[in-house]
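Dear colleague,

Please find below the structure that I am handing over to you. My notes on what was found in it follow directly after.

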Amino acid sequence: MTYPSNIRIVKVPCTGRVAIIHLMKALEKGADGVFVAGCMEGDCHFQSGNLRARKRVAYVKQLLETIGMEPERVAMYNLSSGEGPRFAEICQEMTDKIRQLGPNPVRFKGKRKEKAA
Amino acid sequence: MIMAKPKPIEEIINEIKNFDKVLVAGCNGCVAVCEAGGLKEVEILASALRMYFSNQQKQIEVGEVSLTRQCDKEYLAEVKDRIGNYDAVVSIACGAGVQFMAEMYNKMRILPGVNTCFIGVTDEKGVWTERCQACGECILASTGGICPVARCSKRILNGPCGGSSDGKCEIDKDVPCGWQLIYERLKELGELKRFEEPTTAKDWLKSRDGGPRKLTKEVSQI
């Protein structure tokens with residue numbers, strides 16, 4: 001089980017801790033994409049943390065669209081802590097998706113490459 | 001508290017696009033509670049603006065500050081040393097805060113970042129509804145604690161009108177009829193006698209009809 005080495009993991013006690021500003025800051029500071037990996041819906045130890053995270057991801061997607069960035073740069077996934085292979089699969093899926101979009105235009109400040117597809 | 005709604009970001013971008021240095025100023029009072037203009041919203045708006053202009057290949061400095069209140073000079077004074085470093089301020093306080101900041105820093109361009117909506121309450125997390133229109137003469141004692149000025153679409157003082165149907169207002173089936181609510185409350189309180197005497201005309205001069213209002217409390221003055 002391997003996943004792409006360019007993934008940087010930020011650990012949080014629950015995805016309910018992930019605020020809108022955390023996703024925005026990640027992109028502003030140059031991350032090409034951010035995904036939130038929460039527990040399966042209905043399985044949140046704190047009852048609604050992952051549901052809150054889902055709404056916040058949706059909000060950021062909308063916000064990105066209004067400022068001319070691809071909403072696909074943020075995503076929400078749900079999987080259980082026992083699903084290591086699924087985590088690796090999601091990392092690969094997200095990496096492929098972001099690679100298609102190209103680098104984060106904010107980081108490259110105008111030297112943006114054309115979209116690959 | 002005073003409720004506000006963030007302006008569309010496109011509108012804010014359009015207002016500030018010709019400036020090089022912009023300060024986003026929040027207010028930790030009412031607008032922070034309704035999640036429109038507090039510290040969190042300052043950070044999100046500033047981040048979004050920086051990313052937008054960076055994408056547009058425009059170098060723009062976006063500063064962030066959130067004051068305890070923007071409707072008091074003491075708190076507005078906290079930015080007096082740094083406000084001069086900016087070309088414009090996007091204030092995401094209510095209309096009163098925006099205006100007070102513009103009065104205090106009258107050489108600066110102070111732009112509103114929210115639409116101020118109403119005086120209301122938190123119905124549930126993320127849902128705010130109107131309760132008061134600041135009419136200047138409270139009549140809640142005679143209406144079971146439910147305000148016909150704020151809750152009746154026509155603001156009538158003797159209701160309900162013919163547009164009330166199944167407890168809903170004719171303007172929208174999801175809007176409860178204010179007078180139906182008053183009737184039900186007074187019935188519970190055993191005060192239905194109130195309906196036997198019509199309410200006399202209200203003095204609207206104490207509301208906006210009398211022009212901009214002013215309050216003074218001598219004992220509080222220095």
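Which strands of chain B does helix α1 (residues 9-16) of chain B lie across? Helix α1(B) lies across β2, β4 and β5 of chain B, and runs at about 165° to β4(B). Such angles run from 0 to 180 degrees between N-to-C directions, with axes as lines fitted to C-alpha atoms, for helices over the stretch in contact. Helices (H or I, at least four residues) and strands (E, at least two) are DSSP runs, numbered from the N terminus.

Please note that this is a predicted model, in which local features need pLDDT of at least 70 and side-chain atom pairs count only at pLDDT 80 or more, while totals for chains, interfaces and linings use all residues. Residues are numbered from 1 along each chain as its sequence is written, and chains are lettered from A and ligands numbered from 1 in the order in which they are written.

The sheet of chain B

Four strands of chain B form an open sheet in the order β3-β2-β4-β5, with parallel pairing; two strands pair if DSSP finds at least two bridges between them. At the edges are β3 (61-67) and β5 (109-112) of chain B, each of which pairs on one side only. From one strand to the next, the twist averages 25°. Strand β2 (residues 21-27) of chain B is joined to β4(B) by four bridges in the parallel sense, and Ala25(B) stands opposite Ser91(B) in β4(B).

A loop of chain B

Gly84(B) belongs to the loop between α4 (73-76) and β4 (88-91) of chain B. Gly84(B) counts as exposed because it has 10 C-beta neighbours inside 10 Å; the cut-offs are 12 or fewer other C-beta atoms within 10 Å for exposed, 20 or more for buried, and partly exposed in between, with C-beta atoms placed from the backbone.

In helix α1 (residues 20-28) of chain A, the buried residues are Leu23(A), Met24(A), Ala26(A) and Leu27(A). They are on the same side of α1(A), because they cover an arc of only 160° around the axis, taken from the directions from the helix axis to the C-beta atoms. After α1(A) comes Gly30(A), with a positive phi near 115°.

Between the chains, 15 residues of chain A are in contact with 13 residues of chain B, contact being C-beta atoms, placed from the backbone, within 7 Å. α1(A) gives the most to the side of chain A that touches chain B, with six residues.

Yours sincerely

Technical notes: Two residues are in contact if their C-beta atoms, placed from the backbone, lie within 7 Å.
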